[in-house]
Amino acid sequence: MKTTLITLALSFLSLVGFAQVPVTLPDSVGEPATADFTTMPQSIDGYKTIEHKGFSCEVPYGAETSMAQGLKAAYPDGSFATMLTVEEGRGYNQKRALDICRDTARTLQMSDTKVSKVKINGINGAMATGELEKLHVTLVVLPSGNAQLTCLMLNSDVRSEWADNVLRTLKHK
């Protein structure tokens, strides 16, 4: 799983065409906090719903989508990208989601990393946030039944609203 996430993150960086900038690993990842993204707007103009293996979210119109190693959506100017991957099996839970977020944040050497428990549209999971090559990185792991969604997002400062919208609209059908 960790190797897959690293490969996906690196492919994202090459996909959106960002330059290599050295990053440093923080001394500690920090204690988990709790956040809640259960409030979902009624209707959002300018967004389209994408679906992958029973999970869905809304991304901005104009984002180019592809199905390689998961569902990818990237804005052509490189300011926003997200990827959804789903693993099916048993043993997925919030504790494992927290471990995956911590390990991935360390491996990717994200700076200013924060790892927390989250509840998104009724699903308990984990989220890691930080920075990588001058981009905001958000990794969300949501176990649901016998499946686990991993959502990786990269966005510039001007696209933080788009990343927030993905978080608000993530759900399992």
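Me: What should I know about the numbering and the model before I ask about any label?

Reply: This is a predicted model, in which local features need pLDDT of at least 70 and side-chain atom pairs count only at pLDDT 80 or more, while totals for chains, interfaces and linings use all residues. Residues are numbered from 1 along each chain as its sequence is written, and side-chain values use heavy atoms, with hydrogens and water left out.

Me: Why is Trp 162 called buried, and what is Tyr 75 called?

Reply: Buried means under 20% relative accessible area, exposed means over 50%, and partly exposed is in between, with a 1.4 Å probe and protein chains only. Trp 162 has 15% relative accessibility, so it counts as buried, whereas Tyr 75, at 24%, counts as partly exposed. Of the 173 residues in the protein chain, 49% are buried.

Me: How do you know that Tyr 75 and Trp 162 form an edge-to-face pair?

Reply: Rings of Phe, Tyr and Trp (its six-membered ring) pair if their centres lie within 6.5 Å, and planes under 30 degrees apart count as stacked, over 60 as edge-to-face and the rest as tilted. By this rule there are 2 aromatic pairs. For Tyr 75 and Trp 162 the centres are 4.7 Å apart and the planes stand at 65°, so the pair is edge-to-face. Tyr 75 lies in the loop between E5 and E6 and Trp 162 in helix H3, so the pair ties together parts that are 87 residues apart in sequence.

Me: Which other pair does Trp 162 form, and what cluster results?

Reply: Phe 80 and Trp 162 also form an edge-to-face pair, at 5.8 Å centre to centre and with 90° between the planes. This pair links Phe 80 in strand E6 to Trp 162 in helix H3, 82 residues apart, and Phe 80 is buried, as is Trp 162. Tyr 75, Phe 80 and Trp 162 form one aromatic cluster.

Me: What makes Arg 159 a charge over the ring of Trp 162?

Reply: The rule asks for NZ of Lys or CZ of Arg within 6 Å of the ring centre and within 35 degrees of the ring normal. Arg 159 lies over the face of Trp 162, at 4.1 Å from the ring centre.

Me: How do you know that E6 pairs with E5 and with E10?

Reply: Two strands pair if DSSP finds at least two bridges between them. Strand E5 (residues 71–74) is joined to E6 by 4 bridges in an antiparallel arrangement, and E6 pairs with strand E10 (residues 147–155) in the antiparallel sense over 9 bridges. Ala 73 has Thr 82 in E6 as its bridge partner, while Glu 88 stands opposite Ala 147 in E10. E5 and E6 form a hairpin with 5 residues between them, and Gly 78 in the turn has a positive phi of about 80°. Strand E6 (residues 80–88) is mostly covered, with 7 of its 9 residues buried.

Me: Why are Cys 101 and Asp 112 placed in their accessibility classes?

Reply: Cys 101, found in helix H2 (residues 94–108), has a relative accessible area of 0% and is therefore buried. Asp 112, which lies in strand E7, has 54% relative accessibility and so counts as exposed. Phi of Asp 112 is near 55°, a positive value in a residue other than glycine.

Me: What makes an open space a pocket, and which residues are closest to the centre of the largest pocket?Reply: On a 1 Å grid over the protein atoms alone, a pocket is an open set of points, where a 1.4 Å probe fits, with protein on both sides within 12 Å along at least five of seven lines, and lining residues have an atom within 4 Å of a point. The largest pocket has a volume of about 180 Å³, a volume being the space filled by probe spheres set on the points. Of the 13 residues that line the largest pocket, Thr 129, Gly 130, His 136, Val 137 and Thr 138 are the closest to its centre. Helix H3 gives the most to this lining, with 4 residues.

Definitions and conventions: Helices (H or I, at least four residues) and strands (E, at least two) are DSSP runs, numbered from the N terminus.
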